[in-house]
Amino acid sequence: MKKVVIIGGGFAGLNLAKKLSKSTSHQVTLVDQHNYHFFPPLLYQVGTAFIEASNIIYPFRKMFHNQNTRFFMGVLKELLPEQHKVVTDNGTLDYDILVLAMGTETNFFGNDRIKEHALPMKSIDDSLRMRNHILLQLEKAVRSDQDIDKKRLSSIVIAGGGPTGVELAGMMAEMGSHIIKKDYPEAKSGLGKIYLVDGLQTLLAPMSDKSQAEAIKVLKNLGVEIMLGKLVQNYDGQVVSLSDGTEIEAATLIWASGVIAREVPGLPKEAIGKGRRILVDAFNQVEGLKGVYAIGDQCMQLSDAAFTNGHPQLAQVAIQQGDLLGENLSAVDHGKPMKAFKYNDKGSMAIIAKFKAVVDLPKGFFRGFFAWLVWLFIHIIPIAGFRNKAKLAFNWLWSFITNDPTLRLIIRPDEEVEKKY
């Protein structure tokens, strides 16, 4: 059996592993730094204390019961293509076929000050850290007897007006409207604002003009301060400095302003493209490396005639590439040719607030409550595990009806004890 090593258990890597799970000619090893798969589109709801982290995660080992797929917990340290080996922090693995599906990480564009103080939104750890931080600042705010401190501690700046930034702003504005007054009766006045900052002149830049206009209208009605055509240039943990000289006193800066592909030490320089994405051919094979493939957000494929500058870094692209590569690897074993990848764009969507969403389809647009229901349905279907789907649906329904999710918990692990393990 051919040894297939997949680095990364996101949408791309997991869908590939599922495609090969019943193969009699492939022994699959999935490598990931976490022992669970999680659903990134809903991280912001964990970070805003709307749903539990357990609703959107599922253990790899449970997922692979009775399959030919094995799980290996580790972080890629180096690729040794000449020896057909990958070095991880927990040992070395041999491979016949290697698939890189490690996704992206937060891009701070070289600004160390922002990196030190801002809160990213790329992992379960990030979302729980955000939840703890925001709730702690609110506790400090209500204890303060100075209005200026109350406003600074409870003000939140979100850098990045894409879907993540818009969804975060909407959820936090809803939280401010329905929850803050009930949870913090001491704070009758003097609490701060939510600011959404983007360097472009609109929100939801990849989406249609109608979606952009709807997002701006809904967020403004919720009281979000939208600041367009401005960049966040500095942050010291207390004051956010913008490119036009504006300064905002805020104890929280959430960074949703860009990503960069994860680095793979050992790849030839000529295989690396813009945004550190790995250049691949029409079959997702890495340029110049036989038997090494890259899929999902980490790769850049220029052969698709409809996307000559590379595909958007979206879940649907990752899922489709993982599925097709699995079919192609099986086809090769049966003496059949591989199929070139062509992305089937099914549209995009974003939730803005309660019962408010926008959906762009290849031949249409709709918004409002029906769009929100579609968003809800689409985001439950891919969640791993029936129990998770049922829990998530119930929790969502209850939280939306009552306007009072009950997860506003500050849980802080002892980091010193954690390091020992």
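Predicted model: local features only at pLDDT ≥ 70, side-chain atom pairs only at ≥ 80, totals over all residues.
Lysine 230 and aspartate 244 form a salt bridge, with the closest N and O atoms 3.7 Å apart. The pair links distant parts of the chain, 14 residues apart. Lysine 230 sits in the loop between β13 and β14 (232-235). Aspartate 244 sits in the loop between β15 (239-242) and β16. Color Asp244 by accessibility: at 43% relative accessible area, aspartate 244 is partly exposed.

**Step back into β13**

Now pick Met227, in strand β13 (residues 225-228). Is methionine 227 buried or exposed? Its relative accessible area is 12%, so methionine 227 is buried. Setting aside neighbours within four places in sequence, show what methionine 227 contacts: Tyr195, Leu196, Val197, Asp198, Leu242, Thr246 and Ile248.

**The largest nonpolar core**

Next, select Ile158, Met172 and Leu219. Within the largest nonpolar core, which has 81 residues, these three touch the most other members. Which helix gives the most to this core? Helix α7 (residues 163-178) does, with seven residues. As general background, nonpolar side chains tend to be buried together in soluble globular proteins.

Zoom in on Ile158. Beyond four places in sequence, isoleucine 158 is in contact with residues including Gly165, Leu168, Ala169 and Met172. Its contacts also include Ile194, Tyr195, Leu196, Val197 and Ile254.

**Helix α6 and its cover**

Select residues 147-154, helix α6. Which residues of this helix are buried? They are Lys150, Arg152, Leu153 and Ser154. Show α5 (124-143), β11 (156-159) and β16 (247-249) too: these are included in what covers the buried residues of α6.

Arginine 129 is partly exposed at 45% relative accessible area, whereas aspartate 126 is buried at 11%.

How many salt bridges does the structure hold? There are eleven. Select Lys2 and Asp333 for another of them: the closest N and O atoms of this salt bridge are 3.2 Å apart. Lysine 2 is in strand β1 (residues 2-7) and aspartate 333 is in helix α10 (residues 315-333), so the pair ties together parts that are 331 residues apart in sequence. Lysine 2 is partly exposed, at 33% relative accessibility. Aspartate 333 is also partly exposed, at 28%.

Then select Glu105, Arg262 and Arg276. A network of salt bridges links these three.

**Threonine 106**

Move to Thr106, in strand β10 (residues 104-106). Threonine 106 counts as buried, at 15% relative accessibility. Leaving out residues up to four places away in sequence, threonine 106 touches Pro120, Lys122, Trp255, Gly258, Val259 and Ile260.

**Two positive phi angles**

Most residues other than glycine have a negative phi. Histidine 84 has a positive phi of about 55° although it is not a glycine. Find histidine 84 in the loop between β6 (76-80) and β7 (85-88). Histidine 84 is partly exposed, at 32% relative accessibility.

Leucine 204 has a positive phi of about 50°, and it is not a glycine either. Leucine 204 lies in the loop between β12 (194-198) and α9 (209-221). At 0% relative accessibility, leucine 204 is buried.

**Asparagine 68**

Select Asn68, in the loop between α3 (60-63) and β5 (69-73). Asparagine 68 is buried, at 12% relative accessibility. Which backbone oxygen lies 3.0 Å from a polar atom of the asparagine 68 side chain? The backbone oxygen of serine 23 does. Beyond four places in sequence, the contacts of asparagine 68 include Met1, Leu20, Ser21 and Lys22.

**Last stop: a nonpolar patch**

Phenylalanine 369 is in helix α11 (residues 369-380), and is partly exposed at 46% relative accessible area.

How values were computed. Residues numbered from 1 in each chain as written. Heavy atoms only, no water. Helix = DSSP H or I, 4+ residues; strand = E, 2+ residues; numbered from the N terminus. Buried < 20%, exposed > 50% of the residue type's maximum accessible area, 1.4 Å probe, protein only. Polar contact = N/O pair within 3.5 Å; in protein donor to acceptor, adjacent residues only side chain to side chain. Contact = heavy atoms within 4.5 Å. Core = buried A, V, L, I, M, F, W, Y, C linked by side-chain atoms within 4.5 Å. Salt bridge = Lys/Arg side-chain N within 4 Å of Asp/Glu carboxyl O.
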